[in-house]
Amino acid sequence: MLRRMTGHIKKFKNKILQGDCVEIMNAMPEGSVDLVFADPPYNLQLAGDLLRPNNSKVDAVDQDWDQFDSFAVYDEFTENWLRAARRVLKPDGGMWVIGSYHNIFRVGRILQDLGFWILNDVVWLKTNPMPNFRGRRFTNAHETMIWCSRDQNSKYCFNYEAMKNMNDDLQMRSDWSMPLCTGKERIKGEDGAKAHPTQKPEGLLHRVILSSSKVGDVVLDPFFGTGTTGAVAKRLNRNFVGIEREDDYIKVASERIRKVRAVDDPNLVETPAKRAEPRIPFGWLVERGMLEAGTTLYDTNRRYAARVRADGTLSTADFRGSIHQAGAFVQKAPSCNGWQYWCVETRGKLIPIDVLRQKLRAELH
């Protein structure tokens with residue numbers, strides 16, 4: 001047994017710890033990790049070699065670490081590592097677990113039994129999936145990631161604006177299309193074979209880590225493999241803790257991460273939540289001359305108009321109130337985000353007044 005690690009997380013962050021992940025997590029300080037990304041063995045239950053139509057062998061997952069004697073044995077393994085991961089998570093921490101149809105439903109049940117609170121199941125749609133060579137099933141073209149918080153009431157991290165920005169100003173959906181890890185990103189040994197059979201694309205980890213952690217957070221990966229989680233975490237100015245048993249994987253991961261350079265300005269990898277930004281009253285735009293009293297504002301379709309008043313309210317033909325109240329009134333709606341609804345005409349184009357708010361916020365920062 002490992003001796004319980006005492007003290008601060010700094011003693012082992014940005015390191016790869018070799019050994020059994022349950023023993024190592026149980027030796028780590030309790031409540032010391034912000035985010036866990038886990039890519040555990042899938043228990044694929046492969047029976048014999050998988051062959052292509054030309055009888056060449058498919059490079060499948062047949063390593064010892066993916067072999068379990070029964071579903072009961074796999075369930076016990078899953079419960080043990082999930083329980084250990086929950087222990088090291090901070091009260092407001094979050095976790096992602098990726099899997100396939102072979103294991104993800106068993107993982108989900110155990111997650112809920114242990115008290116985790118499922119937030120989303122995110123489907124990774126593979127744009128270049130491996131074909132179904134035998135032609136007896138649908139091509140398995142996706143994997144599932146379960147995103148959860150440690151507890152139902154955890155104040156977990158979700159960088160909504162960052163995800164919306166990445167998706168051309170549309171809410172990020174729970175179906176993510178991206179290719180398998182191929183080409184230059186796929187790490188290979190001296191013999192030309194894959195260094196790891198299930199290496200995940202960095203783009204997948206980029207989205208996971210950017211969406212659910214902050215600069216300086218600690219991201220734990222208990223099945224570190226070739227270190228994709230650590231490489232992306234380092235690049236995004238997060239810290240990592242990797243746990244891995246195999247010498248070969250540790251060697252590859254260490255060399256890979258050594259070559260990664262973190263973004264030199266942390267502000268470039270963090271998107272402040274709008275609700276956390278300094279409050280800018282609409283009246284400030286008026287008193288600073290960014291909008292003059294008497295200016296006419298319109299909705300995006302020019303159906304409604306309102307005039308700006310000197311006190312920072314708006315007037316329509318039969319209503320006077322805040323930008324939000326006026327927007328709700330003309331639409332006969334219960335509420336309205338006036339910053340997004342009202343626009344000012346500039347050089348023949350309608351510009352949301354939120355653009356002016358952001359400009360003022362930048363000047364005051």
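Is D354 buried or exposed? D354 is buried, with a relative accessible area of 8%, where buried means under 20% relative accessible area, exposed over 50%, and partly exposed in between (1.4 Å probe, protein chains only). Welcome to a predicted model, in which local features need pLDDT of at least 70, side-chain atom pairs count only at pLDDT 80 or more, and totals for chains, interfaces and linings use all residues. Residues are numbered from 1 along each chain as its sequence is written, and side-chain values use heavy atoms, with hydrogens and water left out.

**Around D354**

- D354 sits in helix α11, which covers residues 353-364; helices (H or I, at least four residues) and strands (E, at least two) are DSSP runs, numbered from the N terminus.
- Leaving aside residues up to four places away in sequence, D354 touches K274, W339 and Q340; a contact means heavy atoms within 4.5 Å.

**A covered helix**

- Helix α5 spans residues 202-212 and is mostly covered, with 9 of its 11 residues buried.
- Among the buried residues of α5 are E202, L204, L205 and R207.
- The list of buried residues in α5 also includes V208, I209, L210, S211 and S212.

**Strand β2 and its partners**

- Strand β2 (residues 33-38) is largely enclosed by the rest of the structure, because 6 of its 6 residues are buried.
- With strand β3 (residues 89-99), β2 pairs in the parallel sense over 5 bridges; two strands pair if DSSP finds at least two bridges between them.
- In this pairing, V36 stands opposite M95 in β3.
- Strand β7 (residues 218-221) also runs parallel to β2, and 2 bridges join them.
- Here L35 stands opposite V219 in β7.

- Strand β9 (residues 296-298) and strand β10 (residues 305-308) run antiparallel, joined by 3 bridges.
- T296 has R307 in β10 as its bridge partner.
- The hairpin of β9 and β10 has 6 residues between the strands, and R302 there takes a positive phi near 60 degrees.
- β10 is also joined by 2 bridges to strand β11 (residues 314-315), and these two run antiparallel.
- V308 stands opposite L314 in β11.
- Between β10 and β11, which form a hairpin, there are 5 residues, and G312 in the turn has a positive phi of about 85 degrees.
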